Amino acid sequence: MLVVLSGLDRLAGQRQGAGQALHMPLRSEAWVAEAAQMLGAGRFAEAEAAAMRAIASDPLDRRGAAFLGAARTMQGDTAGAQAAFVVADRLSRREPLTQAYFFGVALEAGDYAAAAGRIETLLRTHPQFAPVQTYLAQLGRTAGGRAVLLQRVASDPRWASAYLDGYAVDEATLRERARTLAGGGIPCPALAPFLRNLEERGLAEDAAALRAKDCSRQDG
């Protein structure tokens, strides 16, 4: 679980700039900003305290509960983190920290459909959320996860766009995706941008292997 969630402190810092607090009229915004700042600085006990104050100031703001969950996760308080994230999830599905947490829970439990559902939410609500690429890679590291991933890529344009646009990932992840896609039934025209990306990144052999396994037996 910590492998999946180890970036929660950094994600929280990205979600809310610390300096915004000085310009926010509401006290709850100040506490949210402080919680984010403390998470980003690795000061998790202080982040927890600030998140609790944010919740007290505005119980309906999903960020307070999500930042509380992140702070508790980073301190090893598993039960407390779960309780906070359950509240955050009930308040809104739009908080990336919450979706990241439940993605990790589902992945650890081997519930790949549920894990994919959390990625789905992120792709729908925050399509440019960079850590999604990490979650896609993690989902593809088991046979069950790959099966779910390929089904989503084949049937949903959002998944196809996120997974086949490999410009944001490193070479090792790109090659792993090529192996996952081989024989996966993705239509050859849909693979064309991914194949070009492989070739542009100097991975012509991987592109040729993918063509041989998939495109050679498909129309187009």
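Predicted model: local features only at pLDDT ≥ 70, side-chain atom pairs only at ≥ 80, totals over all residues.
In what order do the elements of the chain run from the N terminus on? They run α-α-α-α-α-α-α-α-α-α-α-α-α-α, which amounts to 14 helices and 0 strands.

Of its 220 residues, 49% count as buried. The chain exposes about 10,400 Å², and carbon and sulfur atoms supply 53% of that area. If we take contacts between residues at least 6 apart in sequence, 58% of them join residues at least 24 apart.

I turn now to helix α7. This helix covers residues 96-109, and at 1.5 Å a residue its 14 residues should span 20 Å; the end C-alpha atoms are 20 Å apart, in agreement with that expectation. How many of the residues of α7 are buried? The count is 11 of the 14, so the helix is largely enclosed by the rest of the structure. The buried residues include Pro96, Leu97, Tyr101, Phe102, Phe103 and Leu107. After α7 comes Gly110, which has a positive phi, near 75 degrees.

Two of those α7 residues bring us to the aromatic rings. The whole structure contains 3 aromatic pairs. In one of them, Phe85 and Tyr101 are stacked, with 4.2 Å from centre to centre and 15 degrees between the planes. Phe85 belongs to helix α6 (residues 78-91) and Tyr101 to helix α7, so this pair ties together parts that are 16 residues apart in sequence. Both Phe85 and Tyr101 are buried. Tyr101 also pairs with Phe102: the ring centres are 5.0 Å apart and the planes stand at 80 degrees, above the 60 degrees required, so this pair is edge-to-face. Phe102, like Tyr101, is buried. Through these ring pairs, Phe85, Tyr101 and Phe102 are linked into a cluster.

The charged end of Arg53 sits over the ring of Trp31, at 4.9 Å from the ring centre.

Helix α3, residues 27-40, holds Ser28. Is Ser28 buried or exposed? Ser28 is buried, since its relative accessible area is 8%, under the 20% limit. Leaving aside residues up to four places away in sequence, Ser28 touches Ala54, Ser57 and Asp58.

Finally, the salt bridges, of which the structure holds 12. Arg43 and Glu46 form one of them, and their closest N and O atoms are 2.7 Å apart. Both partners are partly exposed, Arg43 at 40% relative accessibility and Glu46 at 37%.

Arg62 and Glu95 meet in another salt bridge, at 3.8 Å from N to O. Arg62 lies in helix α5 (residues 62-74), while Glu95 lies in the loop between α6 and α7, so the pair ties together parts 33 residues apart in sequence. Arg62 is partly exposed, at 23%, whereas Glu95 is buried, at 0%.

In a further bridge, Asp206 is joined to Arg175, with 3.1 Å between the closest N and O atoms. This pair links distant parts of the chain, helix α14 (residues 204-213) for Asp206 and helix α12 (residues 171-181) for Arg175, 31 residues apart. Here Asp206 is buried, with a relative accessible area of 13%, and Arg175 is partly exposed, with 33%. Elsewhere, salt bridges with shared partners join Glu120, Arg152, Asp156 and Arg158 into one network.

Technical notes:
Residues numbered from 1 in each chain as written. Heavy atoms only, no water. Helix = DSSP H or I, 4+ residues; strand = E, 2+ residues; numbered from the N terminus. Expected span 1.5 Å × (residues − 1). Buried < 20%, exposed > 50% of the residue type's maximum accessible area, 1.4 Å probe, protein only. Phe/Tyr/Trp six-rings, centres within 6.5 Å; stacked < 30°, edge-to-face > 60°. Lys NZ or Arg CZ within 6 Å of the ring centre and 35° of its normal. Contact = heavy atoms within 4.5 Å. Areas by Shrake-Rupley, 256 points an atom, 1.4 Å probe, with all protein chains shown as cover. Salt bridge = Lys/Arg side-chain N within 4 Å of Asp/Glu carboxyl O.
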